[in-house]
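Thanks for coming. Please look at the structure first.

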Amino acid sequence: MTSAAVKNTVRRPASQRHGFAARLARKPAAAVSAGYLLLVLLVTLLADWIAPYDPDAQDLTAALSGPSGHHWLGTGELGRDVLSRLMHGGQVTLLGVAITLAVYLTLGVPAGMVAGYRGGWFDRLVLKSADLISAVPVIIVLLVVLSVFTSNESAAMAANGLLGAPLLARVVRSATLGVKEELYVRAAVANGISDRVIIRRHVLPRVSGVILVQASVYGAYAVLLETGLGFLGLGTTQASWGSMIAEASKNVGTDPWLLVPSGFMIISFILALGLLSDGLRDTLAERYAPPADKPPSRRRAAREALAKAPKAVIPLAEPDKDALLSVRGLTVALPIDGTPTEVIRDVSFDLRAGEVLGIVGETGCGKTVTATSLLGMLPAGGEITAGTIHFEGSDLAKAESDALRRVRGRRIGWISQDPISSLDPSFTAGAQVAEAVRVHTGCTRKAARQRALELFELVRLPDPARVAASYPHQLSGGMAQRVGIAAALSGNPALVIADEPTTALDVTVQAEILDLLRDLQKTGTAVILITHDWGVLADLCDRAVVMYAGEVVEEAEVTALVTAPAHPYTAGLLSSDPHHAVPGEPLPAVEGAVPPPTQWPVGCHFQNRCPRVTDACREKPVVISQLTALERSARCIRPVELIGETAHD
Amino acid sequence: MHRILFRWLLGAIPVVFGVSALTFVLTSLVPGDPGRTILGANAGPAQVAAIDKQLGLDQPLPVRYWDWLTDALHGNLGDSITSGVPVSDQLTSRLGVTLSLIGGAILVAAVAGVALGVLSALKGGWLGRAVDGIALVGLAVPNFWFGLVLMTAFAVQLPLFPATGYVPFAESPVQWFESLVLPVLTLGVPATAPVAKQTRDGVLNQLDREYVRVLRARGIPERSVLFRHVLRNAAAPIVTVLGVVVVTLFGGTVLAETLFVMPGLGGLAVTAASTQDIPMVQGVALVFTVTVMLINLLIEVVYTMVNPKVRT
């Protein structure tokens, strides 16, 4: 089959086929490097014609003279012109690299593609020999080769290619494995096209980028090796970059300049190969990645919208002096696409000692951000832009990091969503809890270990000693969560924050963990429980906060909230709770999705999903206000009616 | 532990056999005649044949390999053709030099690499880019050239250290140290780059983990979070990189020992190769391979120690 025919049958968009070189050329470092390599190649090939002197012509009167008008780069020990020797010396190095790469590619590419495509014994052979070769210092093998073929550099460089081939084959193999699973290749197989044709026509074009990258890396390595052999005097006797460094080494006392031209030549050549391979790799990554879908204008639009949106100016209410924790007007901004964006706004609630407060809402409403901001543990770049967090007499929103660290673990404990990954995999469960105990109490190691065992008993772990000696990967999710709770209790905190502590657990284990939290409350510890589950909320919590799109939309005593929701969002969430599902009826759901912080509407955040929306809801931000009952508030301009309606149901 | 040893033997035995057999087959292709080399050009053909018979060269290749291998297992690697001294004597006397050099270089690479990696992970920004840049340049600088620059600067211009030579530790610990400084830096500094890069990537990766957030929420001091927890978890892949670095360091000793005129195995390999001292070449290749395998075992053991998932 002619190559033209092959091209016609490869149905790939023209932009992909021709774009590679063009896209590579748009990377300055890679483009300059490619140009430099071409220049060196050209000068080297034309050295016989353009070099100012014969590389071996001696001029003893001018030996070891520095750069001058006659000898731009100076002269070596016999007065030979350095520039001319560099130009000619490149021939030796480039020939060596070419030999290495020729062997490397002719053996490595087919071997890798066949291994990846066919698998079986050949695949194992390729992998095994790659393992074997990566354990042997290549240069030793080359010395053996050179002791056989004295001064035969070509043989050594061919052997170098031979040694590299299995390593290339291993890379090509895994790239081939990826392509093999693609639909169009599987379709070609199903159509009965022969393996040889599939490999050449479909696999080779896709793995060619990977091969280019590998070849340029190995080429750089070959330059180091070839010049190394030249330096050792094991290569040819001609002028070469390596032997020029050997010459320089004999004259470091008298003419250190000699180190510069040959060193610069080798380093710049390898650096150019390295930058080129980086560019190739990046271009390759772009080629199979979807195009960037975010025009910069969108970010600007979002920022402008945020600036235009009228800010709700709410006078901050006084914190509740009797509460353990009193949050007022808490507003937090996080960088989104580099722009600080408010992700929670005007969050207020109170929590009394020994009380359990639930925070409920869909994913992306700001529950976890609210909880982490209490501990001053916002993600990088996040900050509290307004509001106060009064806890045990101080404002955590303004606390220094040292003060916050003293609160963490000691006054406020944290229980994570994902029990296993919340433990350090390298330490036993006992060691981790003991470390926390020591940090908080300053006791001896022995006492800390003892206290850890007591805590494990407290959280009803079946075999405390065995669990203490176990690593996280040896624990079940439920056991790991008990360990997490034990660690959270190690400092005897007044408040424990549990961020969806049962989401990752089996149903039966969930109940046991919730029992533990209930016990906590009995001992007088306050709890903030973040949850999706209304059943858990009603079962465990005294009060609850409902969050939607960064705001508290309702806050109430739990029974009142569940039986008569005031905010349409609360009502919607409640009716979509599977616990309330009527068999045979479709589960009602709140239509639509939570808007991301960059797309919060002016006015009520819930307006686009609200069944009761009026024009007034869209006009200006809605403030949270107290409802009929004293201990209840909602962020809605039509809440009372709603309570009336639900009451009639 | 037994499992590691077993797995290691499973990998190491084929490598040692493979390399020694390859060396043997290759060296049997040497066009010259060892008998002729030993006796010189004036010897008669009968004398040369007698020497060859004495060396076992009239036997077929597999028999000769088998003989060599059984002798090697008993510590007998034959005599050097050029000096007549037993190969094993030369190798043992030179092993210490090479191991001092590699031990020092790996120490530099590990300490400086981890420190630089942690620093660039925490400070990010220009330091991170600097580590990337150094890694790229470090890859491009031939170590013999770097060694020459060090020699010019710190032995010739500023005579702080000896330019060449090696003093055994038993003779004078201070001079031993001084004679090692430049060669160790020559090999160790470029080897810092891959270690620093892996450390930075590993630390950044660990800092994103949930357990780090939880440790901080638990009030564990930042110092402990970083050095006790994060670094410990980033250690396993760093150990793997160190294993790869050691293999390249062995290759590097060939150049560094020649440059600094040190009586080590690498320098011996070069001399043996250029004088076609075949028993010596075979012996050096064997010792290099076995030493690299032993170091791989050590790395494997350390890897297992830092990674409880493998251990338990």
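Two residues count as in contact here if their C-beta atoms, placed from the backbone, lie within 7 Å. Keep in mind that this is a predicted model.

With that rule, start between the chains. Ile140(A), Leu143(A), Val144(A) and Ser147(A) of H7(A) meet Ile278(B), Val281(B), Ala285(B) and Phe288(B) of H12(B). The residues of this contact divide into 7 nonpolar, 1 polar and no charged.

Next, H11 of chain B, residues 265-274. How many of its 10 residues are buried? The count is 8, so H11(B) is largely enclosed by the rest of the structure. The buried ones include Leu265(B), Leu268(B) and Val270(B), along with Gly266(B) and Gly267(B). What do they pack against? On the chain A side the partners are H7 and H10 (195-232), and within chain B they are H5 (87-123), H10 (222-259) and H12. After H11(B) comes Gln276(B), with a positive phi near 55°.

Last, H1 of chain B, residues 2-27. H1(B) has 26 residues and reaches 37 Å from its first C-alpha to its last, close to the 38 Å expected. Buried in H1(B) are Val19(B), Ser20(B), Thr23(B), Phe24(B) and Leu26(B). The buried residues of H1(B) pack against H7 of chain A, and against H4 (61-73) and H12 of chain B.

Notes: Residues are numbered from 1 along each chain as its sequence is written. Chains are lettered from A and ligands numbered from 1 in the order in which they are written. This is a predicted model: local features need pLDDT of at least 70, side-chain atom pairs count only at pLDDT 80 or more; totals for chains, interfaces and linings use all residues. Helices (H or I, at least four residues) and strands (E, at least two) are DSSP runs, numbered from the N terminus. Ala, Val, Leu, Ile, Met, Phe, Trp, Tyr, Cys and Pro count as nonpolar, Asp, Glu, Lys and Arg as charged, and the others, Gly among them, as polar. The expected span of a helix is 1.5 Å times one less than its number of residues. A residue is buried if 20 or more other C-beta atoms lie within 10 Å of its own, exposed if 12 or fewer, and partly exposed in between; C-beta atoms are placed from the backbone.
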